[in-house]
Amino acid sequence: AGTEQLGIRINLILREQRPWSEFFDRFLWPEHPRERLLTNLVYYRANYLVLCSGVTLLAVLLLPELLFTAAMVVMTFSGAVMLGDSPVPGLGHLQLEQRLAVACIPAAWLLNTSGCVGTVAQLASVCSGLVLAHATFRTRSLSSRWRYLHEQFKGSE
């Protein structure tokens, strides 16, 4: 059940992926940087997920120590997802989000003991930089503005 929930959430995000030709279409200096940033983060979030996943996959394949650490961390989170509705000793029944939060503790320990914290920080910086640069300088389309307004309206309900 937990694996299905996660798969459904990822599929919902990936269904919103915009064409790459549109993603790389037009870049200009922003007149209203905050609005452009917020609009593009909502509109291109699936593209950002794919982009950051690709950068992460490349880094994991190029750095063997990161590959082993990533495999251990993925197994930790997979265990949390596959646990499903089974009670956790001492904690009882946990929702998916709670199980993933608890899995962060051994994942952080694995990263710390492997010595890959600096590499992961650099990887996070590269992904964040790419996303923020694109979201800031990519001009907004009418559909991206509409999507942002729609998301804001949904959030206010």
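From the N terminus on, the elements of this protein chain run α-α-α-α-α-α-α-α. That gives eight helices and zero strands, where helices (H or I, at least four residues) and strands (E, at least two) are DSSP runs numbered from the N terminus. The model is a predicted one, in which local features need pLDDT of at least 70 and side-chain atom pairs count only at pLDDT 80 or more, while totals for chains, interfaces and linings use all residues. Residues are numbered from 1 along each chain as its sequence is written, and side-chain values use heavy atoms, with hydrogens and water left out.

As to overall dimensions, the C-alpha atoms occupy a box of roughly 50 × 40 × 25 Å along the principal axes. The chain has 157 residues, and 28% of them are buried. In this classification, buried means under 20% relative accessible area, exposed means over 50%, and partly exposed lies in between, with a 1.4 Å probe and protein chains only.

The largest pocket has a volume of about 550 Å³. Among its 18 lining residues, Thr56, Val60, Ala70, Val74 and Leu123 are the closest to its centre. Two or more lining residues come from each of helix 4, helix 5 (64-82), helix 6 (96-114) and helix 7 (117-137). Which element gives the most to this lining? Helix 5 does, with eight residues. By class, the lining holds 15 nonpolar, three polar and no charged residues.

The terms require a word. On a 1 Å grid over the protein atoms alone, a pocket is an open set of points with protein on both sides within 12 Å along at least five of seven lines, whereas a cavity is a set of points where a 1.4 Å probe fits but cannot get out; lining residues have an atom within 4 Å of a point. Grid points are joined across faces, edges and corners, and the volume is the space filled by probe spheres set on the points. For the classes, Ala, Val, Leu, Ile, Met, Phe, Trp, Tyr, Cys and Pro count as nonpolar, Asp, Glu, Lys and Arg as charged, and the others, Gly among them, as polar.

Next, the surface. Leu6, Ile10, Ile13, Leu14, Trp20, Phe24, Phe27, Leu49 and Val50 make up a nonpolar patch with about 690 Å² of accessible area together. Helix 1 (2-14) and helix 4 (45-62) are the elements that give two or more residues to this patch. The largest share, four residues, comes from helix 1. Leu14 lies in helix 1 and is partly exposed, at a relative accessible area of 33%. Patches are made of residues with over 30% relative accessible area and no salt bridge; like charges are joined within 9 Å, and nonpolar side chains (Val, Leu, Ile, Met, Phe, Trp, Tyr) within 5 Å. Accessible areas come from the Shrake-Rupley method with a 1.4 Å probe, and for residues only the protein chains shown count as cover.

How many salt bridges does a search of the whole structure find? The search finds one, a salt bridge being a side-chain nitrogen of Lys or Arg within 4 Å of a carboxyl oxygen of Asp or Glu. Arg45 pairs with Glu16, and their closest N and O atoms are 2.9 Å apart. The pair links distant parts of the chain, 29 residues apart: Arg45 is in helix 4, and Glu16 is in the loop between helix 1 and helix 2 (20-23).

Finally, some C-alpha separations. Leu38, in helix 3 (residues 33-43), is 7.6 Å from Tyr148 in space, C-alpha to C-alpha, and 110 residues from Tyr148 in sequence. Leu38 counts as partly exposed at 27% relative accessibility. Ser128 belongs to helix 7 and is partly exposed at 39%. Ala101 sits in helix 6, with a relative accessible area of 45%, partly exposed. The C-alpha atoms of Ala101 and Phe77, 24 residues apart along the chain, are 9.3 Å apart.
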